[in-house]
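Please read them with the structure open.

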Amino acid sequence: MSTPIYERALGSDFARLQPELQEYFSLAPGSGRYGVGEGVFDVVGCRQQWLRPLLRLTGREEAFFPEYGERIPFRIENHAHLDPFGRSSLTARREIHFPGRTRLFHDTTSLDDSGNKPGLVDYVGRYRRLATDLNLSVTADGRLRGASEASRLFLGPLRIPLPAALDAKAYAEQWWDPSGGSHGKHRIQVKVIQPQLGLVLVYAGSFDYRLRLYPGRPAGQGHLPGYALPERWESRV
């Protein structure tokens with residue numbers, strides 16, 4: 001079984017993560033297991049009302065959405081697999097249950113080992129048209145922090161790097177809270193900030209997480225359930 005991509009990217013720092021986070025990020029292709037998280041976002045969506053009509057135009061991408069709410073239930077599934085190009089990857093599929101409408105938000109994070117040091121590239125949305133590099137770090141108390149770096153759009157044959165003035169940056173932090181509930185909970189907070197528009201998207205909340213066996217025969221390294229497949233894959237970085 002291959003090494004989990006977050007362990008590859010973090011190297012020796014992976015062992016500094018809280019044990020519960022190490023388990024969360026331990027999925028690897030061919031393990032026969034996938035992860036399921038269920039919880040509540042204290043806040044989720046776009047707080048700026050004037051920006052919501054613009055985000056409504058991007059709804060079909062299943063990456064950004066115009067709704068905003070508090071105490072919103074959600075579910076996430078994590079699937080480790082090899083993508084069609086042979087890269088070790090982790091696909092996350094989120095269901096956010098706003099009143100009267102469920103929004104999907106999903107991405108595939110793939111290992112890029114073409115450089116001197118293994119890194120992660122995140123392909124966002126239903127069509128995987130937006131890609132960004134991830135910069136990971138571990139805090140002194142074992143939390144995982146991530147920040148997006150250079151982003152680019154893939155429009156047909158075009159690869160369009162986004163200039164700094166247009167690029168939205170995502171800042172994430174995830175940790176284990178032993179005081180959450182009777183047995184503790186995972187917590188996450190994410191902000192997406194665009195220099196010209198300000199805060200585009202925010203979500204923060206807590207959830208329970210468990211690993212499940214794939215039903216039927218053990219899954220191969222390339223296995224990804226049909227409902228988690230994107231409309232298209234992207235090999236370019």
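1. The strands and helices named below are DSSP runs, a strand having at least two residues and a helix at least four, and they are numbered from the N terminus. The model is a predicted one, and each remark should be read with that in mind.

2. The largest nonpolar core comprises 40 residues, and those with the most contacts inside it are Y6, V44, L144 and Y203. Strand β11, which spans residues 198–213, gives the most to this core, contributing five residues.

3. When neighbours within four places in sequence are set aside, L144 is in contact with Y6, L10, L17, L21, F25, L136, S137, A172, E173 and Q174. Of these partners, Y6 is also named among the core residues with the most contacts.

4. How many cavities of 30 Å³ or more are there? The count comes to three, and the largest cavity holds about 70 Å³ of space.

5. Thirteen residues line the largest cavity, with I5, F25, L27, A80 and L90 lying nearest its centre. At least two lining residues come from each of α1 (5–10), β2 (68–82) and β3 (88–98), and β3 gives the most, with three. The lining divides into 10 nonpolar residues, three polar and no charged.

6. The second largest cavity, with a volume of about 40 Å³, is lined by D83, R87, T108, S110, Y123, R128, W233 and E234.

Notes: Residues numbered from 1 in each chain as written. Predicted model: local features only at pLDDT ≥ 70, side-chain atom pairs only at ≥ 80, totals over all residues. Heavy atoms only, no water. Core = buried A, V, L, I, M, F, W, Y, C linked by side-chain atoms within 4.5 Å. Buried < 20%, exposed > 50% of the residue type's maximum accessible area, 1.4 Å probe, protein only. Contact = heavy atoms within 4.5 Å. 1 Å grid on protein atoms, 1.4 Å probe; cavity = no way out; pocket = protein on both sides within 12 Å on 5 of 7 lines; lining within 4 Å. Points joined across faces, edges and corners; volume = space filled by probe spheres on them. Nonpolar A, V, L, I, M, F, W, Y, C, P; charged D, E, K, R; others polar.
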